[in-house]
Amino acid sequence: MATGTNIQTYFDGDWHAGDVAVMRAADHGSWLGTTVFDGARYFEGIAPDLMAHCERVNRSAEALMITPTVSAQDMHDIVWEGLKRYAPDAAVYIRPMYWALEGDFLGIVPKPDATGFAISLEEIPMSPAGSATTLTTTRFRRPTLDCAVVNAKAGCLYPNNARMLAEARTKGFGNALVADVMGNVAETATANVFMVKDGEVFTPVANGTFLAGITRARHIANLRADGVSVHETVLSFDDFRTADEIFLSGNMMKVTPVKAFDDVQYQPGPMTKRVRELYWDWAHSAA
């Protein structure tokens, strides 16, 4: 199902207009869920960290035992070719993806070198700078590497995220603040999370239960270069309840302020605004 408009699809060596069908009913990815993807953004004529996203989708494929078939550089170049189909001021979600085509003699383990590949481009607006969301808790938790492929951006992980998000919405909130197996905060249902306290920034330490995102790393680097103390550490839900500011970090919208966590209210503050300014300044200077 498309979430945007003006879709362009790269498949079988060429670009095609529209949401082209790329998977067959008997593909391993269709019936056993062996799919990985990544998400980058094009906006204001730039595609920040596009190469890093192309590199990560290849690592995700390997983690799910799918053989990547397109080099990161070739993928990067193919994406830019497709972006020429859009207006310079368009906002586009960039989604390269792999899936396994065949399994081994039992059908379960993906067969090496039997890989499907596509890139989906969708025109999806960036959220306005003042857009904010709300958070609540959820009974669902992030898995660990011994029970799920958490070191990949894999499609099979997202039904769990969907349960978190659906539960939060039934409680009247926009997103869920999610625990790891130890009960410490890991991320939200859709994005990495940061909190601000007394002028310093804190984010859950990357402990292998969630993807420490490319945009997350960029925010940390930008803030530290700006002289802000950033701590990657173990954080509890109570830490977030006593925070001065909370914001989310993800590829889709880059920075999203949080205005409430359950009954605790926040104002999108100066640090959240500064993170957004630093990201946009970096993105345009690196273009």
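1. Glu-122 has a relative accessibility of 2% and therefore counts as buried (under 20% relative accessible area; exposed is over 50% and partly exposed in between, with a 1.4 Å probe and protein chains only). Glu-122 sits in strand β6, residues 115–123. Strands (E, at least two residues) and helices (H or I, at least four) are DSSP runs numbered from the N terminus. The side chain of Glu-122 makes a polar contact of 2.5 Å with that of Arg-95. A polar contact is a pair of N or O atoms within 3.5 Å; within protein, one must be able to donate a hydrogen and the other to accept it, and residues adjacent in sequence count only if both atoms are side-chain atoms.

2. On the basis of the note: the model is predicted, with local features needing pLDDT of at least 70 and side-chain atom pairs counting only at pLDDT 80 or more, while totals for chains, interfaces and linings use all residues. Residues are numbered from 1 along each chain as its sequence is written, and side-chain values use heavy atoms, with hydrogens and water left out.

3. Strand β7 (residues 133–137) has four of its five residues buried, so the rest of the structure largely encloses β7. β7 runs parallel to β14 (residues 256–261), to which three bridges join it; strands pair if DSSP finds at least two bridges between them. In this pairing Thr-134 is opposite Ala-260. Three bridges also link β7 with β8 (residues 175–179), again in parallel, and here Leu-135 faces Asn-175.

4. A right-handed β-α-β unit is formed by β7, helix α4 (residues 158–170) and β8. Right-handed means that, with the strands pointing away from the viewer, the path from the first strand over the helix to the second runs clockwise.

5. α4 has 13 residues and reaches 18 Å between its first and last C-alpha, close to the 18 Å expected at 1.5 Å a residue; the expected span is 1.5 Å times one less than the number of residues. Its buried residues are Asn-160, Asn-161, Met-164, Leu-165, Glu-167 and Ala-168. They lie on the same side of α4, because they cover an arc of only 160 degrees around the axis, the arc being that of the directions from the helix axis to the C-beta atoms. β7 and β8 are among the elements covering these residues. Arg-169 and Thr-170, on the other side of α4, are exposed.

6. Thr-188, in strand β9 (residues 185–188), is buried with a relative accessible area of 0%. Contact here means heavy atoms within 4.5 Å. Leaving aside neighbours within four places in sequence, Thr-188 is in contact with residues including Leu-135, Asn-175, Val-193 and Leu-248.

7. Helix α3 (residues 72–83) has twelve residues, which should span 16 Å at 1.5 Å a residue; the end C-alpha atoms are 16 Å apart, in agreement. Ala-72, Met-75, His-76, Ile-78, Val-79, Gly-82 and Leu-83 are buried in α3. An arc of only 165 degrees around the axis puts them on the same side of α3. The elements they pack against include β1 (5–11), α2 (50–63), β5 (92–100) and β6.

8. Backbone angles to check: Asp-12 is not a glycine, yet has a positive phi of about 55 degrees. Asp-12 lies in the loop between β1 and β2 and is exposed at 71% relative accessibility. Glu-44, in the loop between β4 and α2, has a positive phi near 50 degrees and is partly exposed at 45% relative accessibility.
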